[in-house]
Amino acid sequence: ERAASSVLLVAVSSGTGYQALGSAVLVKTGQGTKVLTDAGVILDPETGLAKTGLLAFARPSRPGEPLRGPHPVEFERIERLSNLALASLAGGQELPGLELASSEVSQGELLRAIGHGSATGGWTVSQGLVTAGGTRAYRSDALLGPDSAGSALINDAGELAGVAVGDESGVHAIQASVIKDVLEGRATEPMDAGRELGPDFNAGS
């Protein structure tokens, strides 16, 4: 899975090891490769600020090899209306970024979700259909619940078609058009995913 090389495990140091926080994805931009994730993955719930000492690991190049990293994560900003966090890597220039999809996904489209469930201890790859689509967000049964936050949604062309985020409504994915606005620093509109995706939103999370 070539796209999996662009999906990161985000962690912090913990004692003699590391504590996994969740997933993030590398995406190509006009300003170089950036890191995108669910803001909840990197925010300290007590302070509302980004956690310090954030690190990223990439999947090994070959089975049986150690993880690549850690690479320090340099936090940049939170886009609170979409719940996305933007950062960059210090080092890791060899890691590939994904191209951002040029169009929004639609209901019934087949996608793959690639991430690192913070509670499962390993990378996950799942496949599913878009079960409800909106102009700013969508849900897919490829997303496997709260541990999917930060995961990348990949279309058949191998492009980044969404990033999974969580809120009080559950886990949903942000459309590529909104991601583009965030990457380019444009203001986004307030998002109510539960309202946009309908009353049965939780059934797809």
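Where is the place of Ser148? Select Ser148 and you land in the loop between β9 (137-140) and β10 (152-154); strands here are DSSP runs of E, at least two residues long, numbered from the N terminus. Before moving on, note that this is a predicted model, where local features need pLDDT of at least 70, side-chain atom pairs count only at pLDDT 80 or more, and totals for chains, interfaces and linings use all residues. Residues are numbered from 1 along each chain as its sequence is written, and side-chain values use heavy atoms, leaving out hydrogens and water.

Is Ser148 buried or exposed? Ser148 counts as buried because its relative accessibility is 8% (buried means under 20% relative accessible area, exposed over 50%, partly exposed in between, with a 1.4 Å probe and protein chains only). Now show Leu143, Ala164 and Val171: Ser148 is in contact with these, leaving aside its neighbours within four places in sequence (contact means heavy atoms within 4.5 Å).

Next, select strand β5, residues 68-79. On one side of the pairing list is β4 (residues 54-58), joined to β5 in the antiparallel sense over three bridges (two strands pair if DSSP finds at least two bridges between them). Click Ala56 and look for its bridge partner in β5, His71.

β5 also pairs with β6 (residues 84-89), again antiparallel, over six bridges. Here Val73 has Leu89 in β6 as its bridge partner. Finish at the turn: β5 and β6 make a hairpin with four residues between them, and Asn83 in that turn has a positive phi of about 65°.
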